[in-house]
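Hi,

Here is the structure I said I'd pass on. Have a look at it first, and then read on for what turned up.

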Amino acid sequence: MGLLDGRVALVTGGESGIGAATAKALGAEGAAVAVLFHTDDKAASAVRDAIVDEGGKAMIVKADVGDEALVTRAFATVTAELGLPDLLINSAGLNMSGVPVADMELSQWNRLIRTDLTGAFLTSRAFVRGLREARRPGRIVNISSIHSTAVRYGGADYCAAKAGLDSLTRTMAVECGPMRIGVNAIAPGMILTPMNREAQSDPRVLAAARDHIPWGRAGKAEEVAALAVYLCSDKASYMTGAVVTIDGGLMLEQALGA
Ligand SMILES: NC(=O)c1ccc[n+]([C@@H]2O[C@H](COP(=O)([O-])OP(=O)(O)OC[C@H]3O[C@@H](n4cnc5c(N)ncnc54)[C@H](O)[C@@H]3O)[C@@H](O)[C@H]2O)c1
């Protein structure tokens with residue numbers, strides 16, 4: 001018996017990093033999983049196959065989360081194939097540009113907000129509409145970031161998007177409580193995924209990170225996935241509107257050095 005037997009999960013950004021680890025962890029707990037991918041169908045297929053090889057049920061579905069029509073179509077496809085999703089993990093996202101506001105093109109700003117914030121709005125809306133019509137409960141887990149509050153030079157696009165995502169999480173928690181749809185977010189610190197390519201390959205970056213993280217290392221995607229599984233499960237039945245930090249204590253070091 002898994003924690004999520006009989007549930008249907010849709011995971012955006014499911015072909016890579018935190019999304020891929022979460023898709024596999026949800027599948028291992030018995031959920032049927034739709035791996036929503038953007039461009040890399042081979043990576044998405046590998047995630048699906050890993051779930052199926054472990055005895056689970058999974059499919060892949062392609063969509064750009066910032067495209068309203070494609071999101072609507074993806075939900076229809078998943079519902080037809082696996083059933084109505086009652087778990088949604090919004091992991092799709094782009095990293096910060098590193099460009100300060102004074103030099104940032106509007107196109108860069110729009111690109112980030114469209115993917116990291118509007119994407120979660122579109123998928124969450126489609127998800128809630130389906131459950132509202134079916135009068136069924138569900139859970140949303142948004143993958144935010146510690147940078148929703150701990151801002152960084154050159155990160156205005158990303159930090160604003162993630163702060164918006166936290167706010168979307170709390171607002172939807174209020175709106176969806178009566179429908180018994182729990183809406184929570186996870187704020188990871190430094191996690192070793194393709195988004196942090198540098199840290200994965202450059203020992204100096206890894207060492208610098210270690211010095212700033214009380215736990216002494218960067219996090220793994222599987223550690224974030226375990227928290228997502230918890231938030232999707234009935235063990236978290238009274239949790240909604242929370243933004244849960246998972247960062248090895250990194251946020252606690254924020255004010256050091258000055
Ligand atoms: N890695 C970290 O240290 C870290 C820390 C805090 C938060 N996060 C957040 O975790 C989430 C997952 O990031 P990750 O570290 O696994 O990185 P990743 O680059 O491995 O995954 C990002 C995923 O988003 C998908 N994506 C990008 N644009 C998309 C679009 N328009 N439509 C659909 N999918 C799209 C990519 O295809 C990819 O699967 C992101 O939201 C990121 O901001 C990551």
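Salt bridges first: a search through the whole structure turns up six of them. Keep in mind as you read that this is a predicted model. As background, side chains of opposite charge can pair when their charged atoms come close.

One of the bridges joins the side chains of arginine 114 and aspartate 64, at 3.1 Å from N to O. Arginine 114 sits in helix α4 (residues 106-134) and aspartate 64 in the loop between β3 (58-62) and α3 (68-82), so this pair ties together parts that are 50 residues apart in sequence. Are the two partners buried or exposed? Arginine 114 is partly exposed, at 33% relative accessibility, while aspartate 64 is buried, at 19%; the cut-off for buried is under 20%.

Next come aspartate 86 and arginine 136, whose side chains meet in a salt bridge at 3.4 Å, N to O. This pair also links distant parts of the chain: aspartate 86 is in the loop between α3 and β4 (87-90), and arginine 136 is in the loop between α4 and β5 (138-143), 50 residues apart. Aspartate 86 is buried, with a relative accessibility of 5%, and arginine 136 is partly exposed, at 32%.

Then there's arginine 217 with glutamate 223, where the closest N and O atoms of the salt bridge are 2.6 Å apart. Arginine 217 counts as partly exposed at 31% relative accessibility, and glutamate 223 is partly exposed too, at 30%. Which residues do shared partners join into one network? Those are Arg7, Asp86 and Arg136, through their salt bridges.

On charges overall, the protein chain carries 25 positive and 28 negative side chains, and the centres of the two sets are 4 Å apart.

Now the fold as a whole. The chain has eight helices and nine strands. Its radius of gyration is 18 Å, close to the 18 Å that the globule rule gives for 258 residues, so the chain is as compact as a globular protein of that length. Along the principal axes, the C-alpha trace spans about 55 × 35 × 35 Å.

As for the inside, buried residues make up 48% of the 258 in the chain. Among contacts with a separation of 6 or more, 72% are between residues 24 or more positions apart. The accessible surface comes to about 12,600 Å², and carbon and sulfur atoms account for 54% of that.

Cheers

Key:
Residues numbered from 1 in each chain as written. Predicted model: local features only at pLDDT ≥ 70, side-chain atom pairs only at ≥ 80, totals over all residues. Heavy atoms only, no water. Helix = DSSP H or I, 4+ residues; strand = E, 2+ residues; numbered from the N terminus. Rg over C-alpha atoms; globule rule 2.2 N^0.38 Å. Buried < 20%, exposed > 50% of the residue type's maximum accessible area, 1.4 Å probe, protein only. Contact = heavy atoms within 4.5 Å. Areas by Shrake-Rupley, 256 points an atom, 1.4 Å probe, with all protein chains shown as cover. Lys, Arg positive; Asp, Glu negative; His and termini not counted. Charge placed at Lys NZ, Arg CZ, Asp CG, Glu CD. Salt bridge = Lys/Arg side-chain N within 4 Å of Asp/Glu carboxyl O.
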